[in-house]
Amino acid sequence: MHPPMKRNLAGTILDGIVRMSSTRTNYWAEVVLDSALGCVLVVAGWQHHGSSPIGAVLAVVLGLLTFSFFEYVFHRWMFHTGIPLFEQGHRMHHEHPLGYDSLPFFLPGAVLVILTGLCMMVAPTGFALMMMGSVTFGYIAYGLSHFAIHHVRFKRPLLRRWAGAHHVHHYHPDCNFGVTTPLWDVVLGTRYVRKAREL
Ligand SMILES: [Zn+2]
Ligand SMILES: [Zn+2]
């Protein structure tokens with residue numbers, strides 16, 4: 001009967017979650033939680049995968065490839081669009097790249113558990129668990145890479161180029177969506193190309 005009040009409560013909860021998501025505790029809690037989940041998935045996958053090391057390697061490679069694609073899709077079409085929970089946190093990151101703005105610590109783990117359940121419905125259990133363990137570690141690698149890109153001054157030319165591609169994204173938010181790899185920017189045509197100076 002009191003729609004404005006209801007909206008205020010929802011807004012207050014959302015604001016609280018967004019505020020919590022920008023804390024250092026939230027950031028590292030998520031790394032710990034996701035690492036634990038990744039270990040559980042890989043160990044369970046190894047126990048179920050039978051006697052095929054090739055199957056396990058295939059699951060790991062497919063998991064990393066799948067994750068890198070999701071990394072691109074989320075960054076391009078969810079973080080840079082109007083979905084409040086995603087867009088708000090990411091906008092704060094663009095404004096303050098050295099901050100700890102990220103997703104609420106429980107959200108990626110919950111999504112990964114749901115995705116694991118769905119994978120187990122369509123693929124052999126061991127393969128699905130191993131692949132989702134690989135997706136989880138891909139996600140952790142993404143988080144730590146992103147942190148390092150903004151907090152570490154790399155000396156090696158290759159690492160400087162890799163980090164530089166993401167720094168370019170902060171100046172040109174419509175390109176270089178991939179953080180861990182430029183693969184999908186190259187495939188989907190969003191790799192930053194320096195334009196020749198107009199005379
Ligand atoms: Zn960044
Ligand atoms: Zn961005």
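I count two residues as in contact if their C-beta atoms, placed from the backbone, lie within 7 Å. Helices are DSSP runs of H or I with at least four residues, numbered from the N terminus. This is a predicted model, in which local features need pLDDT of at least 70, side-chain atom pairs count only at pLDDT 80 or more, and totals for chains, interfaces and linings use all residues. Residues are numbered from 1 along each chain as its sequence is written.

Let me begin with helix α2, residues 24–48, and helix α5, residues 107–122, whose axes are 9 Å apart at an angle of about 20°. Axes are lines fitted to C-alpha atoms over the stretch in contact, and angles run from 0 to 180 degrees between N-to-C directions. The two helices α2 and α5 are therefore roughly parallel, a term for angles under 35 degrees. On the α2 side, E30, L33, D34, L37 and L41 meet P108, G109, L112 and T116 of α5. That contact has five nonpolar, two polar and two charged residues; Ala, Val, Leu, Ile, Met, Phe, Trp, Tyr, Cys and Pro count as nonpolar, Asp, Glu, Lys and Arg as charged, and the others, Gly among them, as polar.

By class, the contact of α2 with α6 has 12 nonpolar, nine polar and one charged residues.

Definitions and conventions: Chains lettered and ligands numbered in written order. Parallel < 35°, antiparallel > 145°, perpendicular 65-115°, else oblique.
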